[in-house]
Amino acid sequence: MDAQSSAANTGVVRSLELRELSLSVPISGEHVEAVSKVSLMLKPGRVLGLVGESGCGKSLTAQAMLRLGEHQGVLREGGDILLDGESLFSMDQESLRHMRGGYVSMIFQEPMTALNPVFSIGSQIMEVIRIHLDMNRDETTARAVKLLHDVGMQDAEAVLKQYPDALSGGMRQRVLIAMAMAADPAYIIADEPTTALDVSVQKRIIQLLRDLQRERNLGMLLVTHDFGLVAELADDVAVMYAGQIVESGSVEQIFNNPTHPYSRALMGCRPEVSEPGGSLPVIAGQVPPPGSWPSGCHFAKRCPLADSVCLEPVPVDAWSGEGGHQARCIHVEEKLPELEPAL
Amino acid sequence: MSVLRADRLSKSFRRGGLWGAGISHKAVDSVTFALKEGETLAIVGESGSGKSTTARMVMRLLEADEGSVHLLGEEITSATGKELRMLRKDIQMVFQDPFASLNPRMKIVETVGEGLRVHHPEMNRQQRRKKVAETLAHCGIGEEALDRYPHQFSGGQRQRVGIARALIVEPKVLVLDEPVSALDVSVQAQILNLLKRIQQERNLSYLFISHDLSVVRHVADRVAVMFAGSVVEQGAVEAVFETPRHPYTKMLLAARPIAHPNQRQGDNGNGDLDRESVADSGCAFRLRCPFVQDDCTGFEVSIQSDESEHTFACLHPLDKS
């Protein structure tokens, strides 16, 4: 890979694909499967929402797209990650360093901790520019100013001299987004980019992400537990449960016709779609942790439609609807019984 | 009759500077509300709005600079020692992070039973254990949990334990500080249903602190919206959500997460959203308000009201349409 060029500079449209990726994590001394044969395809100009509850493996999957997490003991058990057909696992450290940020960047959830408090905003942005782009001092400064302008900061020159401490949560998230854009990547991995922010600030960051994504034809993986954020930003959706993708389709397909019982239940228990004051539909129990997955369908124990067949290994794409809408379930044609409002 | 009443509660903190030499900043400014028996009053606001500070003053976990709190008709702001302990039997708190609020070295039976030692010293160990088991069962936690430690439970189960601990002394009022914010949506639904059922069974009154408008819309009978330490609007939840009169409330409602991709819109044109500043004179919201006028600069908070107990602190309230 050409170390000095970024994705936009070369004009090459690259694909980023997870192919049947399985990952394991160390749990009390043993490696346990936490992500199971996950396939995802990111495309330029499209936002893929990866949605599910905590403990489903979404963040592990997202970090794997940059080969992060390995120093914390995450192991690849199978499958591959392909950037334009080239395996990330065959790249040397130098290529990986330029892939991260140059082709694929990450925006993290915690704007409060992702910036170093002892360096100015300017020095942190300029460091990223220096790693990826061959620019002299003046060009680097000019680029940093432009990046801050692009993320909606009026007084970019002044912000460069400030320290993270002086900025609000929303401003810090803007700085992190500017840093992610520093080398014009083709793909952005955004892990809960608005979760730590106030609602009014969330809306602004959503607008910013949408604008940047459209202007630059970015491909984006949006990792979130929040269906509201998916509804705002995603073109395509993959629903994850206990290490597996259980349903995928376009955002309209998923919202108009959620098909997997987990997707249906998860969307139904949101207070914003329920009658005020009434009981909310619930999913009994909780997500089984890695190492405690049932042998068949991972959702079977919580599923109102499950029968004995569900406890046997399920074919990967048990149901395929129109236009790429898929669900890992053999009971999709059945109605969900009225979920009894439990405790 | 109101079970809990707060009158002009205020609290200032010093901010910045070494050893408290910084400027004094009013975190809560003259907050007034009344909670009726069996109802849920939500206090909603963004971070820094003063909603949690208000809750802590109501609980007497923090002393108010000014103002008073009445619980079941009794002034609790000046209660001390034994008197205060007795009052606390009637008002209990459930925290956002159930793990941080449970002692990791105490078994569940001890944690949940703690209140009984204070309020029912006549009970022996066996009786306490029985009562803890009953209360936990009521909150959906089985008897096998009694001798376990908090880390052995999931977030949702810990919140159930936190609720059981608050309920065990049979309070009249629960102060719930972001009780479902740390939970996944499926678990959130379980806990909201549990709170609803307990409220109906025990005729409890809830002071429900939250930043999540969808949750508030679902659980609350009435809502108080806080901005920069003040209640800017208060009323029945339908009235406030359907016809907000204060521009801040309207902005907050417009920023709610959408439920379906067909509700996507571009810039909602709802004021200068890109500012986070608070004015230190006049109306605190005027720097961000799309309807600001000259007289807002000199505006000292005074509450206006329409005919339906729907109050708002704005000189130029929005139309009811």
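Student: Let's start with two helices in chain A. How does H7(A) pass H8(A)?
Tutor: H7(A) passes H8(A) in a right-handed crossing. Keep in mind as we go that this is a predicted model.

Student: Okay, and at what angle do their axes cross?
Tutor: The axes of H7(A) and H8(A) cross at roughly 15° and come within 10 Å. Angles under 35 degrees count as roughly parallel, so H7(A) and H8(A) are roughly parallel to each other.

Student: Which residues make that contact?
Tutor: On the H7(A) side they are Gly169(A), Gly170(A), Gln173(A), Arg174(A) and Ile177(A). H8(A) brings Val201(A), Arg204(A), Ile205(A) and Leu208(A). Sorted by class, the residues where H7(A) meets H8(A) are four nonpolar, three polar and two charged.

Student: Nice. What about H4(A) and H7(A), how do they pack?
Tutor: H4(A), residues 121–132, packs with H7(A) at an angle of about 20°, and their axes are 9 Å apart. That angle makes H4(A) roughly parallel to H7(A). The crossing of H4(A) and H7(A) is right-handed.

Student: And who meets whom there?
Tutor: Ile121(A), Gln124(A), Ile125(A) and Val128(A) of H4(A) meet Val175(A), Ala178(A) and Met179(A) of H7(A). By class, that contact of H4(A) with H7(A) has six nonpolar residues, one polar and no charged ones.

Student: Changing topic: which way does phi go at Lys37(A), positive or negative?
Tutor: Lys37(A) has a positive phi, near 50°, although Lys37(A) is not a glycine. For background, most residues other than glycine have a negative phi. Lys37(A) sits in strand S2 of chain A, residues 30–42. Lys37(A) counts as partly exposed because it has 17 C-beta neighbours inside 10 Å.

Student: What is phi at Asp184(A)?
Tutor: Phi of Asp184(A) is near 50°, again a positive value in a residue other than glycine. Asp184(A) lies in the loop between helix H7 (169–180) and strand S7 (187–191) of chain A. With 19 other C-beta atoms within 10 Å, Asp184(A) is partly exposed.

Student: Let's go to chain B. How many helices and strands are there?
Tutor: Chain B has nine helices and 12 strands. Its C-alpha trace spans about 70 × 50 × 45 Å along the principal axes. Of the 321 residues of chain B, 44% count as buried.

Student: Last one: which residues of H9(B) are buried, and what covers them?
Tutor: Pro247(B), Tyr248(B), Thr249(B), Met251(B) and Leu252(B) are buried in H9(B). The cover includes helix H8 (199–216) of chain A, together with H7, strand S9 (222–227), strand S10 (230–236) and helix H8 (237–242) of chain B.

Key
Residues numbered from 1 in each chain as written. Chains lettered and ligands numbered in written order. Predicted model: local features only at pLDDT ≥ 70, side-chain atom pairs only at ≥ 80, totals over all residues. Buried ≥ 20, exposed ≤ 12 C-beta atoms within 10 Å, placed from the backbone. Helix = DSSP H or I, 4+ residues; strand = E, 2+ residues; numbered from the N terminus. Contact = placed C-beta atoms within 7 Å. Axes fitted to C-alpha atoms, helices over the stretch in contact; angles between N-to-C directions. Parallel < 35°, antiparallel > 145°, perpendicular 65-115°, else oblique. Left-handed = near helix turned anticlockwise from the far one by under 90°. Nonpolar A, V, L, I, M, F, W, Y, C, P; charged D, E, K, R; others polar.
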